[in-house]
Amino acid sequence: MLAGFVSWPTEDATRWKNAGYREGRCVADIVRDTADRMPDKVAVIEGQRRLSYAQLAGQVDRLAIELKRTGLKPLDRVVMQLPNSIEFVVSFLALMRLGAIPVMALRAHRYSEIKHFIDASGAVAYMVPGVFHQFDYRQLANEVQGACSSLTHVFVLDDALPGQHALGSIIDQAAQSQASLLDTEGATLDTVDPSQVALMLLSGGTTSLSKLIPRTHDDYVLNARLCAKAAGFSEHTVFLALLPLGHNYNLAAPGMLGVFYYGGTLVIGHGTDADQVFALVQQHRVSVIAAAVPLITNWLNSDAASRFDLSSLRVVQNGGAALAPELRGRIRSQWGATPQEIYGTAEGLINMTRLDDPDDLLFTSSGAPVCDDDEIKVVDDEGRELPDGELGELLTRGPYTIRGYFNAPEKNREAFTEDGWYRMGDYVRKRGRYVYAEGRKKDLINRGGEKISCEEIENLIFKHPKVEQVALVAMPDPVFGEKACAFVVPKPGKRIEFDELIGFLKSQRIASFKLPERLELVDHFPTSLVGKILKRQLRDQIAERIQTEAAAHAARN
């Protein structure tokens, strides 16, 4: 087993295997097995391009061989930062087929985060798009390669610089090759151990930069299978992917891998405007969309639905932050689809409302675990289990929930109990198997599903020479749910402007979604008797101020 991975107890692993939770398949086998059953079925569509399951499986095998020829080998970690595309799908599965381990970075990540992922994982390779959305990832790759001794390979999808692998050409070569594996000289791939680490997801970064979440082939196949079952996936499912495929939500909860498990079709979309989305629904007879609060809110408030045929749309999934009951009801009344809430964690546990739930559960709950052997309990601050209906922290363990972050013993002592329960860090109420999420215990801002670590951004703002004290808090937002507001006490005689602060933070090269969207200058912070900043008072203060401003704006108009 990969060094730094925390295994499940042997007794649990044996029990889960006997219960059928361990299929003994690697992630790439999902596509190969579906291709054997229905080779001509369309697996993935992007624009005018489409691949059948047979074509996809063949390209995955051939690309895995080509990547092996460049020097990649099983257990090599590869930071993967490709945008949603057929190339993402083929590259991800090819790494799985090879037995290499992708570390799933997101498009917004920059030097600070990427260097951390490479250093923390020991990655030897980095996959990037080239120039994408006016940002040059090739230059970023060169910079991190100069700073990270383990990084020996850079794969660039388009217009690689000298010394970088032309990933696009490698993929094209693999796609055009008609040679079988046996007919290709030196083309052998080892069998991948399904109990081995398959990929590394990113934690929400609750205390600083993200921790690495190692998921095995066995547990991740189960994750995709059970989530897709709860969503009613079948070979008739047409799933529209708009959010990043590198996110656990769109990757396997149920996401892309859930589609492939049951033989459905994945449609990759590139725009989130209501007209663009509904046009794809009509064109491809989309039956399921995975979305988030800001997108759903904008679509419901648009008149675009009246211009398109949405009769194929069966389910609209929401993840990242709870969707208000009123909006869930509007999904059904306006589009004739069923809202499905998905609440969980990249560390494992996924809760989902069921499509046949009664309205009180469908419209208000955060769902129930997708696996009968998912253990959940709600505890108080002393770790004592609470009865149903009382507010406390959610703890979990089960057949697809990790027992530790990668190579992080100190973090593991904080996040996991001695007997293997994972502390979710969320306050919930439990009623039977259904949970109702009510907020965070950890100091995070949830900006439309993207998690911002207050401590990380506060530490960066503290570096500004004009800043004496800083507190980052969540402020309410009608579209994203929450945005970041920075309260700053300037140093004596100094004043800092909002644009100045943002420019300083951009120079720290962090993801743009982490930037504060409001600055409040104050003389001092409210504190407790022991000197702790009372952030709740700051959150109440900014919420009241925003409400007052909105009322004044409405009165003027």
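**Labels and cut-offs**

Tutor: E500 is partly exposed, at a relative accessible area of 29%. One caution on source: this is a predicted model, where local features need pLDDT of at least 70, side-chain atom pairs count only at pLDDT 80 or more, and totals for chains, interfaces and linings use all residues. Residues are numbered from 1 along each chain as its sequence is written, and side-chain values use heavy atoms, with hydrogens and water left out.

Student: Why is E500 called partly exposed?
Tutor: Buried means under 20% relative accessible area, exposed means over 50%, and partly exposed lies in between (1.4 Å probe, protein chains only). E500 has 29%, so partly exposed is the label.

Student: What makes K466 and E500 a salt bridge?
Tutor: The term requires a side-chain nitrogen of Lys or Arg within 4 Å of a carboxyl oxygen of Asp or Glu. The closest N and O atoms of K466 and E500 are 3.1 Å apart, so the pair qualifies.

Student: Where do K466 and E500 sit?
Tutor: K466 is in the loop between α16 (454-461) and β25 (467-477), and E500 is in helix α17 (residues 498-507). They are 34 residues apart, and the pair links distant parts of the chain. Helices (H or I, at least four residues) and strands (E, at least two) are DSSP runs, numbered from the N terminus.

Student: What makes R332 partly exposed?
Tutor: R332 has 36% relative accessibility, so it falls in the middle class. D359 is also partly exposed, with a relative accessible area of 36%.

Student: Are E520 and R518 buried or exposed?
Tutor: Both E520 and R518 are buried. They form a salt bridge too, with the closest N and O atoms 2.7 Å apart.

Student: How many salt bridges does a search of the whole structure find?
Tutor: The search finds 36.

Student: Why is G420 called buried?
Tutor: The relative accessible area of G420 is 8%, so it falls under the limit for buried. G420 lies in the loop between α15 (409-415) and β21 (422-431).

Student: Which residues does G420 touch?
Tutor: G420 touches T396, R397 and R403, not counting residues up to four places away in sequence. Contact means heavy atoms within 4.5 Å.
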